[in-house]
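Dear colleague,

My notes on it come after the display.

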Number of protein chains: 2
Amino acid sequence: MTAVAKRSNNRNEALLDAASSLFASGGYGGTSMRNIAKASGMLPGSIYYHYPSKADLLYAVYARGVDMICERHDRMVAACNDAWKRLEIALANHILTVTETSDDVGVMNRVLPDQVPERSTDLIAQRDRYEQRIRELVDALPLAPSGGPAHDRRILRLMIIGATSWTQTWYRSGHTRPEAIAAQFCAFLKQPLQIQQSIQQ
Amino acid sequence: MTAVAKRSNNRNEALLDAASSLFASGGYGGTSMRNIAKASGMLPGSIYYHYPSKADLLYAVYARGVDMICERHDRMVAACNDAWKRLEIALANHILTVTETSDDVGVMNRVLPDQVPERSTDLIAQRDRYEQRIRELVDALPLAPSGGPAHDRRILRLMIIGATSWTQTWYRSGHTRPEAIAAQFCAFLKQPLQIQQSIQQ
DNA sequence: TTGTTAACCAAACAAACGTTTGCTATTCTA
DNA sequence: TAGAATAGCAAACGTTTGTTTGGTTAACAA
């Protein structure tokens, strides 16, 4: 239980960065320990000084990603009181973080928990830490009564998470900015897209 | 160029079915040729009588999935004239096909083209065959003028595709039915979710 | 300055991987 | 019914995989 002192030449962080970048672009199965080792300037066996297995390394990257997006989320969302605006800020943070700020968060979006069976339960728990925050924002939205079937906030939440996660596959820097994408998403949801006449067709 | 006659005991289809099921649940990297061989009752080497490589086998499954979802799409959408209803039908078809009807389509949703570099261009082309249909439906939607920033139909299309693709990760049979999910998606988009007062806040 | 140990290196391990090769049996054609 | 092509089987190929083991060096506490 005694704390283990880390030395100044500890390259654990460089290792995580390299793993992060490779997992985010190549996925779990598409990235080998040798790739990671080469990218972080170590030999393959040296990784095992830091993590006992590939699955544990992935988990460390994944958890670091969740930490980062949650921290940014909490900080940015707190600065606003309007429910819709809070959601928009959260989505902008998600898209920006996933696509440009941090590969760790890209890993969270790209690697599905069941691709890492040894740690799938832990990965789901980590992901839930973030999704819980989205759930709270969606539950706080003031929704107009539905003209058709009753609104299901669970479906709305999953719809929003799906649309946002998917941005990773099509986002290209230089085109529509993350903030603008998030604004569009919210605009589509909160304003009537249908011309009024055809509602009561 | 001469046509090659196929025999009655040709098990190519059983091979595709097995590959389909495994690729859909395990992904490309998570599925081995030995797994596929065992599931289809062959030896690993025998697969190479039918397909020259793992990437080509994946492509065959993928293309079969696109064929299936496009065929169903065309048939079902043609039966309706209302633009919003046509989109709703298309999304219901997508969700139903991905989650319950065909593993092939699950493969299309799960395997990203860049995970199969040897055929990534062809995979993208196949996927576009389907996405083009969604694009047409979204472009045909009558949209009310936006109260905020001008609507971007490209973003709307990607939002819809993202939300729909994501259903594969959370859909469980016995809960909300595909048709109901599609109806909710469309309801959220075409009806005002925001109470009217707060629009002109 | 000495002793400890954190942080690696160097080299190998067994298993799994995609794939190839040579051969055989079954089905269909002529 | 003879011949040829189809649709495999059986066994191995070389490579890559995640991982282990034993030794080495440099940083830090005393």
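Predicted model: local features only at pLDDT ≥ 70, side-chain atom pairs only at ≥ 80, totals over all residues.

Chain A

Chain A contains nine helices and zero strands, and its pattern along the sequence reads α-α-α-α-α-α-α-α-α. The C-alpha trace of chain A spans about 70 × 35 × 30 Å along its principal axes. Chain A has 201 residues, of which 39% count as buried. If one takes the contacts in chain A between residues at least 6 apart in sequence, 70% of them join residues at least 24 apart.

The pairing of chains A and B

Chain B is superposed on chain A by a rotation of 180° with 0.0 Å of shift along its axis, and the RMSD is 0.0 Å. This is the relation of a two-fold axis.

In the interface, 42 residues of chain B are in contact with 43 residues of chain A. On the side of chain B that touches chain A, the elements that give two or more residues are helix 8 (153–170) and helix 9 (178–190) of chain B. Helix 8 of chain B supplies the largest share of that side, with 12 residues. By class, the side of chain B that touches chain A is made up of 23 nonpolar, 17 polar and two charged residues. Because 100% of the interface residues of chain B are also interface residues in chain A, the copies meet through the same surface.

The DNA strands

DNA strand C is surrounded by 26 residues, and the closest are A:Asn10, A:Gly45, B:Ser8, B:Ser32 and B:Gly45. The surface near DNA strand C has 10 nonpolar, 10 polar and six charged residues.

Around DNA strand D there are 24 residues, of which A:Ser8, A:Ser32, A:Gly45, B:Asn10 and B:Gly45 come nearest. The surface near DNA strand D has nine nonpolar, nine polar and six charged residues.

Helix 1 and the residue A:Leu15

A:Leu15 lies in helix 1 (residues 12–26) of chain A. A:Leu15 counts as buried because it has 24 C-beta neighbours inside 10 Å, where 20 or more are needed. Not counting residues up to four places away in sequence, A:Leu15 touches A:Ser40, A:Met42, A:Ile47 and A:His50. A:His50 is 35 residues from A:Leu15 along the chain, and the C-alpha atoms of the two are separated by 8.9 Å.

Helix 1 against helix 4 in chain B

In chain B, helix 1 (residues 12–26) and helix 4 (residues 54–77) pack at an angle of about 90°, with their axes 10 Å apart. Helix 1 and helix 4 of chain B are therefore roughly perpendicular to each other. From helix 1 of chain B, the residues B:Leu16, B:Ala19, B:Ser20 and B:Phe23 meet B:Leu57, B:Leu58, B:Ala60, B:Val61 and B:Arg64 of helix 4 of chain B. This contact has seven nonpolar, one polar and one charged residues.

B:Val61, in helix 4 of chain B, deserves a separate note. B:Val61 counts as buried because it has 29 C-beta neighbours inside 10 Å. Leaving aside its neighbours within four places in sequence, B:Val61 is in contact with B:Leu16, B:Ala19, B:Ser20, B:Phe23, B:Asp104 and B:Val107. B:Ser21 is 40 residues from B:Val61 along the chain, with 9.7 Å between their C-alpha atoms.

Helix 6

In chain A, the axes of helix 4 (residues 54–77) and helix 6 (residues 103–110) come within 7 Å and cross at roughly 110°. Helix 4 and helix 6 of chain A are therefore roughly perpendicular to each other. A:Val61, A:Tyr62, A:Arg64, A:Gly65, A:Val66, A:Met68 and A:Ile69 in helix 4 of chain A meet A:Asp104, A:Val105, A:Val107 and A:Met108 in helix 6 of chain A. Eight nonpolar, one polar and two charged residues form this contact of helix 4 with helix 6 of chain A.

In chain B, eight of the eight residues of helix 6 (residues 103–110) are buried, so this helix is largely enclosed by the rest of the structure. Among these buried residues are B:Asp103, B:Gly106, B:Asn109 and B:Arg110. The buried residues of helix 6 of chain B pack against helix 1, helix 4, helix 5 (83–101), helix 7 (120–139) and helix 8 of chain B.

With kind regards

Notes:
Residues numbered from 1 in each chain as written. Chains lettered and ligands numbered in written order. Contact = placed C-beta atoms within 7 Å. Helix = DSSP H or I, 4+ residues; strand = E, 2+ residues; numbered from the N terminus. Nonpolar A, V, L, I, M, F, W, Y, C, P; charged D, E, K, R; others polar. Near = placed C-beta within 6 Å. Least-squares fit on C-alpha atoms with pLDDT ≥ 70 in both. Buried ≥ 20, exposed ≤ 12 C-beta atoms within 10 Å, placed from the backbone. Axes fitted to C-alpha atoms, helices over the stretch in contact; angles between N-to-C directions. Parallel < 35°, antiparallel > 145°, perpendicular 65-115°, else oblique.
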